[in-house]
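Please keep the sequence and the coordinates at hand.

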Amino acid sequence: MEYVLMIIGCIFVNNIVLAQFLGICPFLGVSNKINTSFGMGVAVIFVMTLATLVTSLIQNYVLIPMDLTFLKTITFILVIAALVQMVEIVLKKTSPSLYQALGIFLPLITTNCAVLGVAIAVTEKAGFTILDSVVYTAATAIGFTLAIVIFAGLREQMDLVKIPKGMQGVPISLITAGILAMAFMGFSNLVPSF
Amino acid sequence: MSKVRILTKGLLKENPTLVLILGMCPSLAVTTSAMNGLGMGLATTFVLLMSNLLISSLKNFIPDSVRIPAFIVIIATFVSIVDLLMQSYLPALSDSLGLFIKLIVVNCIVLGRAEAFASKNSVFDSMLDGLGMGLGFTLSLTLIGIIRELLGSGAIFGHTLISGDGILIFVLAPGAFIVLGFLIALVRYLQRKKN
Amino acid sequence: MAKKESNLRNMIFSLTLIVLVASAALAGVYVITKPSIDGQQVAKTQEAIKAVLPGFSGKTERVAIKLPNDADSVFVNLAYQDGELFGGAVQTYTDKAFKSYFSLMVGFDAAGNILETEVIKMEETPGLGDKIDKSKSNFSEQFVKMCPANNEFNLKVKKDGGTVDAITAATISSRAYCDAVNRAAEAFDIVTKKGANNE
């Protein structure tokens, strides 16, 4: 039950893009078409969950025992960058079809602040076990996918209408995202927040 | 390019947030008040200045194929230093900026300037570039912060100008997107008019 | 400008060197700032204890207690004046806040009445949830002089059938505040009762 509430909370109430402002770059950059944004979303779910698993293990078994928590930022970013490279190589060798679908998104994910942001955030949450962290991260990444797919749908519709010249592109996208964030605020009393 | 141009181009003409659309996450997340925007901007400026300085002086030492990881390590080091210094001397600001100080590491502006400018130019030019870009970022973050704080809670830098509750939506998430959207539209309108 | 040729040897050498220098620099800054960061936390806690125990000036005795079903410990700072229990300042927290977590200091007199509450750390939304702070609104004043232990004061927001007026548009923060104060009251109750049994 705890986990159900946590998952709903992460996807709808504390949506990573629309409420926490993480991962805005891919959210604005890779949301032209529903298909590509879905691909991006799946890649993010995969990498983010894996990254948090590895970084939580490092945090709990290396950094905390050795009192090196001040190296957290530097360690995590290097681990994530290396992890993304490794995933890319492994995918290329083992599953070319999956690589073709997700490959182009992988390099973009290294600089996606959502991955590092969530990896750091879960280490700062009191009383989170590694399982808690992984569930939290997976749910958060699903929230990212949901937001980017809905947003891509809206942008596909927006291509069909005439938009004043100054508002075209980024400005109208941001304002649309604002209205979408407002809609997501409707979920805010759904579950106690995490 | 003259030294003055390098310094000033980041302020308006190539403003990272409003023109180049870089570093969106902190621009939206921490600008709930003018003070937060200013603090975040200055922290980023410090990281930009120091990482540009170091990267441009090491550019002949770092082998080409490992330059990105090397840049990331250098940037992450300065970010951690800023983080520790702020926790130590500005605890209130550090609390309210929270996670986003650590996330300067993945701010595209910092790595972008390292790769596009500091790895190719002289030490002094790189410092000017980092300073200019950082101040441009600070300027736009403070501006967004002022607008959101004024509309949302009727205050600027914590000084109440209009009493009452304000338009709450502007301090919440949707307000961030909407204010930034209109600001970018305004900048584009002004640029077109000038041309 | 000529790019430096990369081979395995200089790649590993330069990266290792950079990582070593970076870690050393960071370790240095960490060592320099650590006393100040820790000191700040202690000073903040001391200040909060003083603020929630008006009329008391002396040393307090710290007891950590973890309530059943809780993830974190609550710290009860017992205040004795002239050998008698004056009250206690309880450093409590809630994990139900809008931004997940905030911590409060709640002062009780010896009978368990709330003297004062004080926010120690929070990240609630400016203009909304941050009104739990005394300087931003009088929300927290309604807890003063209440006694959660003898049930006359139902420590819940009105929406949940309690007596606390929630902050407009910030029910989650208000609810979280009640949660933290309840946790404090429970911990204070247990600690003071246990003390009485021992004597």
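What radius of gyration would a compact globule with 195 residues have, and what radius of gyration does chain B have? The model is predicted, and the answer is computed from it. A compact globule of 195 residues would have a radius of gyration near 16 Å, and the value for chain B is 17 Å; chain B therefore agrees with the globule rule. Taken along the principal axes, the box filled by the C-alpha atoms of chain B is roughly 60 × 45 × 25 Å.

The secondary structure of chain B consists of 9 helices and 2 strands. Read from the N terminus on, the order of these elements is α-α-α-α-α-α-α-α-β-β-α. Of the contacts in chain B between residues at least 6 apart in sequence, 73% join residues at least 24 apart.

Burial and surface may be considered next. Of the 195 residues of chain B, 57% count as buried.

Leu128(B) is placed in helix α8 of chain B, which spans residues 123-153. Is Leu128(B) buried or exposed? The relative accessibility of Leu128(B) is 13%, and because buried means under 20%, Leu128(B) counts as buried. Leaving aside residues up to four places away in sequence, Leu128(B) touches Lys3(B), Ile6(B) and Leu7(B). Another residue, Asn15(B), is 113 residues from Leu128(B) along the chain, and the C-alpha atoms of the two are separated by 14 Å.

The description now turns to chain C and the pairing of its strands. Strand β1 of chain C, residues 60-65, pairs with strand β2 of chain C, residues 74-81, in the antiparallel sense over 6 bridges. Within this pairing, Ala64(C) has Phe75(C) in β2(C) as its bridge partner. β2(C) is also joined to strand β3 of chain C, residues 84-97, by 7 bridges, and these two strands run antiparallel. Here the bridge partner of Ala79(C) is Gly87(C) in β3(C).

How many residues lie between β2(C) and β3(C) in the hairpin that they form? There are 2 residues between these strands, and Asp82(C) in the turn has a positive phi of about 50°.

Terms used
Residues are numbered from 1 along each chain as its sequence is written. Chains are lettered from A and ligands numbered from 1 in the order in which they are written. This is a predicted model: local features need pLDDT of at least 70, side-chain atom pairs count only at pLDDT 80 or more; totals for chains, interfaces and linings use all residues. Side-chain values use heavy atoms; hydrogens and water are left out. Helices (H or I, at least four residues) and strands (E, at least two) are DSSP runs, numbered from the N terminus. The radius of gyration is taken over C-alpha atoms; the globule rule is 2.2 Å times the number of residues to the power 0.38. Buried means under 20% relative accessible area, exposed over 50%, partly exposed in between (1.4 Å probe, protein chains only). Contact means heavy atoms within 4.5 Å. Two strands pair if DSSP finds at least two bridges between them.
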